[in-house]
Amino acid sequence: MLSEVNKIKKKRAYVSDTEKEKISNSVPQDLTEDIIGSLLGDGTLRYNGKNVLLGIQQVHKEITEYLWKKCFMANLIKNDIFIIKREN
């Protein structure tokens, strides 16, 4: 079953170090507050090489979609939402 998950994973878009610094300096204050709020709730940060991955475990997909849209509009992400469905 793990191999099935690995097959559907997408490669992440490459962003240069200069571009990362430029983007991080342009993050709006309200987005920073939303991300911190997510981390205090159901969010996690993981390092993947030089990249940081924000994970949000939500029952309500609207919250995740809202944060994704704000991050996309701020040019912080280039990939779509990766949904993992778990069965209880």
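How much accessible surface does the protein have, and what percentage of that surface belongs to carbon and sulfur atoms? In this predicted model, the accessible surface comes to about 7,900 Å², and 54% of that area belongs to carbon and sulfur atoms. Of the 88 residues of the protein, 15% count as buried. The secondary structure consists of 4 helices and 2 strands, which follow one another along the sequence in the pattern α-α-α-β-β-α. Among the contacts in the protein with a separation of 6 or more, 49% are accounted for by residues 24 or more positions apart.

Helix α3 comprises the 12 residues 29-40, and at 1.5 Å a residue these should span 16 Å; the end C-alpha atoms of the helix lie 17 Å apart, which agrees with that expectation. The buried residues of α3 are L31, I35 and S38. Because these residues cover an arc of only 60° around the axis, they are placed on the same side of α3. The face of α3 that is turned away from this buried side carries the exposed residues Q29 and L40. The cover over the buried residues of α3 includes the strands β1 (43-48) and β2 (51-56), together with helix α4 (61-73).

When residues up to four places away in sequence are not counted, S38 touches G43, I56 and L67.

The 13 residues of α4 should span 18 Å at 1.5 Å a residue, and the end C-alpha atoms of this helix are 18 Å apart, which agrees. The buried residues of α4 are T64, L67, K70 and C71. Seen down the axis of α4, these buried residues fall within an arc of 130°, so they line one face of the helix. On the other side of α4, the residues K61, E62, K69 and M73 are exposed. The elements against which the buried residues of α4 pack are α3 and β2; α4 in turn is included in what covers the buried residues of α3.

Just after α4, N75 takes a positive phi of about 60°. Also in the segment after α4 is N79, which, at 28% relative accessibility, counts as partly exposed. N79 and W68 are separated by 11 residues in sequence, and the distance between their C-alpha atoms in space is 9.5 Å.

Key
Residues numbered from 1 in each chain as written. Predicted model: local features only at pLDDT ≥ 70, side-chain atom pairs only at ≥ 80, totals over all residues. Heavy atoms only, no water. Expected span 1.5 Å × (residues − 1). Buried < 20%, exposed > 50% of the residue type's maximum accessible area, 1.4 Å probe, protein only. Arc of directions from axis to C-beta. Contact = heavy atoms within 4.5 Å. Areas by Shrake-Rupley, 256 points an atom, 1.4 Å probe, with all protein chains shown as cover.
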